[in-house]
Amino acid sequence: MEKLSNPQVTIELIKRHGFVFQKRYGQNFLIDERVLEKIVQAADITKQDCVLEIGPGIGTMTQYLAEQAGQVIAVEIDPKLIPILEESLREYENVTIRNDDILKIDINQLVSEQNQGKPIKVVANLPYYITTPIIMELFEQHVPLESVTVMVQKEVADRMQAGPGTKDYGALSLAVQYYARPYLVANVPQNCFIPRPNVGSAVVRLTRYTQPPVQVKNEEKMFRLIRASFRQRRKTLINGIGNAADLPYTKEETARALERMGLSASIRGEALTLTDFARLSDELEIAHPE
Ligand code: SAM
């Protein structure tokens, strides 16, 4: 079969199957050969690798991945796409197609069954409506993985790479940078997809750290602290943490911890680095163990 990166082949396949695009699933299929090559190259895939592709669509990128990887597991939510995938990928014996919601399956179990628990590489043109939950799930559930190379909304790519004091800096920046080193592979224009998305896109590669760049006693609590600090961006850190229903710390405890760190009581979350949040989390944990 001719490659689906040829827009004519994609259109013919979609028409023949009477496929109707589902907006609610974030379906924007890639039709640009150069972008596909760039993604696969940035993911650095070899025959030793097991790749998890989230949302294969009609299999455009899957064809490229199957040629480079040892095996590919493709998880697609839309049942209408399964017969199309069976056709477009029939020449590839190393692809497993699974009709499922990526947010509902146990990815750790999938990796242990398909790759004996060895680290996988995740590659995807993500459905934009659930980018953050997918990335957080992969990292927070400690799925064994080497890297995540994904197409995301440009704005989300900016947030992943942002540092303190910038408008894009927030809970996503800190979570991504705690687990991985982000790298912007390419900006991708709207005309590389059908249908065209109404936002700009970018490809990012997140290379998982073997050891996080900062040490913290209670990782989960630190992330609760981070989320509370950015929930109301205009509020001070002390108020944000004091108002959080899922944290036990009083405003006085937070004020004392900040003082010990030499930070102002009126500081906002956006001014703290990852190292600061780790230290604050440890200080509060000592002051108020649960
Ligand atoms: N990979 C294809 C490509 O690049 O042309 C399609 C990418 S499209 C942006 C996102 C895909 O993710 C769609 O095929 C959509 O049906 C699928 N999808 C959406 N939500 C999903 C979920 N929760 N689990 C698995 N797949 C999902």
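View 1. Polar contacts here are pairs of N or O atoms within 3.5 Å. Another pair involves Glu53: an N or O atom in the Glu53 side chain is 3.4 Å from a nitrogen atom of the ligand. Asn125 also takes part, with a polar side-chain atom 2.9 Å from an oxygen atom of the ligand. The protein covers 99% of the 590 Å² of accessible area that the ligand has on its own (Shrake-Rupley method, 1.4 Å probe).

**View 2. The shell around the ligand.** The ligand is surrounded by 22 residues, each with a heavy atom within 4 Å of it. The closest are Leu30, Gly55, Glu76, Asp101 and Asn125. Twelve residues of the shell are nonpolar, six are polar and four are charged. Gly counts as polar in this scheme; Asp, Glu, Lys and Arg count as charged; Ala, Val, Leu, Ile, Met, Phe, Trp, Tyr, Cys and Pro count as nonpolar.

**View 3. Helices α11 and α12.** α11 spans residues 251-260 and α12 spans residues 274-287. They pack at an angle of about 125°, with their axes 9 Å apart. Helices are DSSP runs of H or I with at least four residues.

**Notes.** Residues are numbered from 1 along each chain as its sequence is written. In this predicted model, local features need pLDDT of at least 70 and side-chain atom pairs pLDDT 80 or more, totals for chains, interfaces and linings use all residues, and side-chain values use heavy atoms, without hydrogens and water.

Note on methods. A polar contact is a pair of N or O atoms within 3.5 Å; within protein, one must be able to donate a hydrogen and the other to accept it, and residues adjacent in sequence count only if both atoms are side-chain atoms. Axes are lines fitted to C-alpha atoms, for helices over the stretch in contact, and angles run from 0 to 180 degrees between N-to-C directions. Helices (H or I, at least four residues) and strands (E, at least two) are DSSP runs, numbered from the N terminus.
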